[in-house]
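Me: I have this model open and would like to walk through it with you. Could you start with the sheet and then go on to what packs around it?

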Amino acid sequence: MKRLITLIASLLVLGCGAALAQEYVPTPVTVSKEKVKLNGKVYLSHVVLERQTLYSICKAYGVTEDDLYEANPSLRETGLQKNAILLIPFRENAVQENSGESAVQKQTETSSYTEHTVKWYEDIEDIARRYDVTVKEIMDLNGLKSKKLNTRQVLKIPVKTVAVVPVTEVEDDENDKTGEVETVEPEKSEDRVQTQELQAPEVSDTDLLNLRSRDVVDFSLVLPLRASGKPSEVNMDFYSGVLLALKDLEAEGLKVQAHVYDLSAGLPPVDALVRSDFVLGPVASRDLEAILQRVDGRVPVISPLDQKASSLSTFYHNFIQVPTAVDNQYDDLGQWVKDDADENDKIILITEKGAGSVTASVAIRSALARRELSYDILNYAIVEGRGIPAILTGSMTKDGTNRVVVASESEAFIGDVVRNLGIMLGKGYDIVMYAPSKVRTFDTIEGSAYHDASLHISTSYHADYSSDDVDRFTRAYRALFRTEPSQFAFQGYDTARYFIVRAARYGIAWPERLSHERGTGLHTDFLFDTDNNGNHHNVAVRRIVFKKDYTTVLQK
C-alpha cells in the first residue's frame, strides 16, 4: 500500500464525531401470497425486512419458531437477515386467522376489491396497469387526494383482473417423483405481473462536460481507509480509482475539490458534509446509516458498493444506491431468455431440491412468468445427479436450442448441473446456459465448462478488456500505482466520474436527471429508478456471454 501514501497525504482530511442513536421501530409484517413447492410441501416465500422479528413473523403467519427453524435449517446459525427469503409452511386457515387481514380477506371474497401493498419502486400508474383499472378508480376507492403513495401502504383495488402471484403455483402432491419434469405453461395476459421497463438515451460524458453549467465540483469522500494503521486494501483500491477519475477530469478542464475523510478516525463534521455537492461513501450499510442520520437529507449520499444498503431507502431521504440489486439481475436474465428464444427452442429451468435458500429460484421463476414463457422445471438433489442425463434426454430437443436456466447459487449444485450439461453436449444437443452472476466466483468449476455451455449471465459489473477505454485506464493505473486495478478500482473510477460529471452539467438539480439518461462506465452502467421516497436505485445490468471460442463478450 506504499503506492498511495503520498497521494493520500495530499488529499486526506480527518474528521471525528459520534454516531447518532437510532430509535427502534418494528416493521409490520405483510403476509406473502407467493407460493413455492419443495420436496412435495407448499411454502409461502417471505422476504425479511429491516427490523422484523421472529416473533412478529410467526404471529403474522400463524406458525411457531420451531416451524421456521425446520423449514429454514440455516436460520439458527445466521439469524434473521435483511432481504433474506424465509420459507413459511403454508397453512391456509392459520394464515387467514393470524395475518391481521382475516376480516379484510373474508370481506374481499364477497366484496368488490382486493388489496395491494405498495412496493418502493411502484407508483399509482404502475399499480393501475397491473390490475387493469384506472388511476381514478383506485383514488376514489381509497379516498386519495393525490397520486403520491408511501412504501408498504395498503391500497384497495377494484376487482377486475388480479395478478398477485409472481410464480406459477403448484398444487400440493405427496407423490412427487425424483427427477420428474414439470411443464409450466405461460401465464394468461390478464394474470401477468407488469414489469416497468426503463428507457433512457445514453449520453456521453464528453457531451455533458461540453455543456456544463459550472467549472468546479465539490464533494466529500468517506471511506474506512485506516490510513494510520494497516490500510484496507479494498477501500484503498476504490480510493485509487477515484483519484484517477479526478486526474482525468481535471485534464478535461473540470476542477474538482475532493474532501477525503477516513472513517476509522471518526465521523466527519456535519457542516462540512452538507456544504458538498454530494457525499460518496461509506461502503458498509451501518456506516452509511450513520452518515444519513447526520446529514438528514440535506445532501445526496451515494452508496457505492454494498448491495444490501438499498434497504436504507425506506428510512432516509436523498439516498442513491449504485450497486444494482440481485433481483434486477434475475429479471434481466428472464428477459434475455425471451429475447433469445426461437419457436423451436426449449426452455428448461433447473432448481435444487431441498436448497437452504430459494432466493434465486423464486426470482427467476417470477422473471420467466412475467414474460409469458412456457418452460419445463427439473428439480433434483445432487445425490440424484447421475440419473439426470436420462431425464434431460426425454425433455430436450434437437430441433432447436435448449435454453437451460439454472436457478441456484450453490457452487456444488451448479457444478453438478454443468457436468450433466457436458454429457448432453456430448450427445449432440445444442445448449445455452443462463445462471446467476455469482458463478464467476466459483473456484471448483473449470472455466472451460462455462464456455462449452455458452454461459449467459446478467451482472452489475464487468470490465471489457478489449475496450480502448479500459485499456487506457489499465495502463494509466499501472503507471501511477504500480499494480493491477481490481474491480474496486474500476468501481471507484466509474462512480466518482459519473456523479461529478452530472453535478458539473446540471448543478444542484443533478439528482433529478438520474432516471432520464443512461451512463456507461468502464466497469458498470448507470440508469436509476426513483422510489416513492425520492431515493434513486441503479437498475442497469450488463450481459456477459462465455463463447465457445473461449472469449468472454460484453453483449450489452
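Reply: Keeping in mind that this is a predicted model, there is an open sheet of seven strands with mixed pairing, and its order is β8-β7-β9-β10-β11-β20-β19.

Me: Which strands stand at the edges?

Reply: The edges are taken by β8 (255-262) and β19 (528-530), and because each has a single partner strand, one side of each is left without a neighbour in the sheet. From one strand to the next, the twist averages 25 degrees.

Me: How do β11 and β20 run, and how many bridges join them?

Reply: Strand β11 (residues 319-321) and strand β20 (residues 536-538) run parallel and are joined by two bridges.

Me: OK, helices now. What does α19 touch on the sheet?

Reply: Helix α19 (residues 487-506) packs on the sheet with contacts to β7, β8, β9, β10 (301-303), β11 and β19, and its direction makes about 175 degrees with that of β9. Helix α10 (residues 233-251), for its part, lies across β7 (216-223), β8 and β9 (278-280), running at about 175 degrees to β7.

Me: And how do α10 and α18 cross?

Reply: The axes of α10 and helix α18 (residues 468-481) come within 11 Å and cross at roughly 110 degrees, and the two helices are therefore roughly perpendicular to each other.

Me: Which residues meet there?

Reply: From α10 the residues are D237, S240, G241, L244, K247 and D248, which meet R472, F473, A476, Y477, L480 and F481 in α18. Sorted by class, this contact of α10 with α18 has six nonpolar, two polar and four charged residues.

Me: Switching topic: how many aromatic pairs does the structure hold?

Reply: It holds 18 aromatic pairs. One of them, formed by Y498 and F499, is edge-to-face, with 4.9 Å centre to centre and 90 degrees between the planes.

Me: Are those two buried or exposed?

Reply: Y498 is buried at a relative accessible area of 3%, and F499 likewise counts as buried, with 0% relative accessibility.

Me: What is the geometry of Y498 with F526?

Reply: Y498 and F526 form a stacked pair, 4.1 Å centre to centre with 15 degrees between the planes. Since Y498 lies in helix α19 and F526 in strand β18 (residues 525-526), the pair ties together parts that are 28 residues apart in sequence. F526 is buried too, with a relative accessible area of 1%.

Me: Which residues make up the ring cluster?

Reply: Ring pairs link F219, F278, Y498, F499, W510, F526 and F528 into a cluster.

Technical notes: Residues numbered from 1 in each chain as written. Predicted model: local features only at pLDDT ≥ 70, side-chain atom pairs only at ≥ 80, totals over all residues. Heavy atoms only, no water. Pairing = 2+ DSSP bridges. Helix = DSSP H or I, 4+ residues; strand = E, 2+ residues; numbered from the N terminus. Axes fitted to C-alpha atoms, helices over the stretch in contact; angles between N-to-C directions. Contact = heavy atoms within 4.5 Å. Parallel < 35°, antiparallel > 145°, perpendicular 65-115°, else oblique. Nonpolar A, V, L, I, M, F, W, Y, C, P; charged D, E, K, R; others polar. Phe/Tyr/Trp six-rings, centres within 6.5 Å; stacked < 30°, edge-to-face > 60°. Buried < 20%, exposed > 50% of the residue type's maximum accessible area, 1.4 Å probe, protein only.
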